[in-house]
Amino acid sequence: MTTRWTAVHVLRDRTAGRCLTAVMVSGFGTSALWLASGVWVKDLTGSDGLAALCLLAMWAPALAGPVLGTLADRCRRRPLLIVLSLSMAALLLTLCAVDGPEDLWLLYAVLFVYGAAGTVHDAAESALVAGAVDGSLLGDFNGLRMTAGEGMKLLAPLAGAGLFTAYGGSGVALLDAATFLAAALVYMSLRVREERPDRAREGGRGATAEGARHLWGDTVLRPLVLAGGVTMLCAGVSGALTYAVVEDLGHSPAYAGVLYALQGAGSVTVGLLSGPGLRRLGARRFAAYGIGLLAVAVALRAVPHDPVAWASAAAIGVGLPAALIAVLTEVQRRTPGALLGRVTATANTLVYTPNVIGLAVGAAMVELLGPRAQLSGLGVVLGVTAAVLLAQRPASADRTAARSASDASPA
């Protein structure tokens with residue numbers, strides 16, 4: 001297939017289009033709740049620390065990704081996605097009982113389960129898509145998924161904030177429950193054929209570690225995932241410096257919204273172009289070029305000039321998702337279906353956990369080093385990461401691709 005515009009082919013594909021619809025619908029509710037939960041706690045307690053715990057409660061289960069991902073390999077993915085969506089819709093209704101600080105334990109418990117279910121959901125969805133969508137369109141699908149996700153991040157927080165102002169946290173919880181119910185209905189409408197998982201093969205203590213062994217043993221996936229982890233670590237540090245960058249530009253903190261909007265626009269753009277880019281360049285070079293662009297963009301954040309800040313924000317929006325799309329697409333293409341749930345979850349843990357660590361490191365170091373020194377250093381680290389990824393021998397990648405191509409379909 002040539003590098004022509006193929007997003008329309010994904011949307012015309014019944015299974016791919018409906019999977020994308022489910023992602024958009026549930027993602028809207030998740031983004032709305034993500035913002036509203038912190039505002040909710042802040043409104044009830046006045047504590048910034050307790051509000052920040054909402055994000056921690058949702059993120060912490062991702063650390064158990066390899067274990068949770070195993071659940072996605074123990075049963076058929078479509079029924080699992082339906083059950084997860086319906087269960088979360090019911091669980092979110094319990095948040096209507098949160099009426100004061102004494103009820104916050106319930107909110108934190110629901111958010112923790114939410115994060116755990118989300119980890120299983122992402123792993124099962126990745127496996128379902130890999131088996132139901134034509135392999136040549138996986139890059140396009142993942143790009144459109146990124147575009148939809150970024151679009152939801154731009155729109156859903158505004159809707160969540162408005163709904164919270166009008167109806168309180170319970171109103172946002174009801175909205176999120178409705179989106180999960182809608183997603184369940186979309187999954188029910190899918191017509192996919194899945195083989196029953198081999199229970200004997202999935203059992204035993206080594207089942208969880210099997211995904212990590214596959215990931216580490218693949219000479220193409222290993223450097224991609226490691227590069228993705230380093231990239232997200234640097235992105236986390238850079239993200240923690242946003243308000244310091246805005247201050248250097250001489251603007252109020254609200255100006256960060258302009259930079260985030262430009263970054264979102266860049267992410268939407270690369271999402272639409274990722275399919276052709278992956279076919280032309282391959283995952284390794286596509287990711288490396290994205291990381292290289294990110295290196296330049298992050299370093300340029302140290303320049304206190306508005307047009308430079310605008311350009312760097314848009315470039316970050318292009319470069320960072322390119323690496324993430326490449327990792328996910330290659331994991332789907334190179335992993336046997338029986339392992340895809342746990343391999344996806346393991347890869348997500350290795351790639352996304354460093355982002356939270358980077359946020360903490362950046363926040364702690366900004367007063368000691370200042371933003372300019374850190375941003376310059378991050379640019380160097382990202383540049384080296386891109387160069388190392390490019391230096392991987394294409395021959396070894398070709399050999400591994402030929403060896404595992406026949407194993408890439410889970411159904």
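Okay, let's start with helix H6, residues 104-132. It has 29 residues, and at 1.5 Å a residue they should span 42 Å. The end C-alpha atoms sit 41 Å apart, so that agrees. H6 is also mostly covered, with 21 of its 29 residues buried. Keep in mind that this is a predicted model.

Now let me zoom out. The protein has 17 helices and zero strands. There are 411 residues, and 51% of them are buried. The accessible surface comes to about 17600 Å², and carbon and sulfur atoms account for 66% of that. As for contacts, take the ones between residues at least 6 apart in sequence: 86% of those join residues at least 24 apart.

Next up is H16, residues 371-390. Its 20 residues should span 28 Å at 1.5 Å a residue, and the end C-alpha atoms are 28 Å apart, so that agrees too. Which residues of H16 are buried? They are Pro371, Gln374, Leu375, Leu378, Gly379, Leu382, Thr385, Ala386 and Leu389. If you look down the axis of H16, the buried residues fall within an arc of 140°, so they line one face of the helix. On the other side, Val380 and Val388 are exposed. And what covers the buried residues? The cover includes helix H11 (221-240), H12, helix H13 (256-300) and helix H15 (340-369).

Not counting residues up to four places away in sequence, leucine 375 touches Ser238, Leu241, Val245, Val298, Ala299, Arg301 and Ala302.

Last stop: threonine 242, in helix H12, residues 242-249. Buried or exposed? Threonine 242 has 4% relative accessibility, so it counts as buried. The side chain of threonine 242 reaches the backbone oxygen of glycine 239 at 2.9 Å. Leaving aside neighbours within four places in sequence, threonine 242 is in contact with Ala256, Tyr260 and Arg301.

Technical notes: Residues numbered from 1 in each chain as written. Predicted model: local features only at pLDDT ≥ 70, side-chain atom pairs only at ≥ 80, totals over all residues. Heavy atoms only, no water. Helix = DSSP H or I, 4+ residues; strand = E, 2+ residues; numbered from the N terminus. Buried < 20%, exposed > 50% of the residue type's maximum accessible area, 1.4 Å probe, protein only. Polar contact = N/O pair within 3.5 Å; in protein donor to acceptor, adjacent residues only side chain to side chain. Contact = heavy atoms within 4.5 Å. Areas by Shrake-Rupley, 256 points an atom, 1.4 Å probe, with all protein chains shown as cover. Expected span 1.5 Å × (residues − 1). Arc of directions from axis to C-beta.
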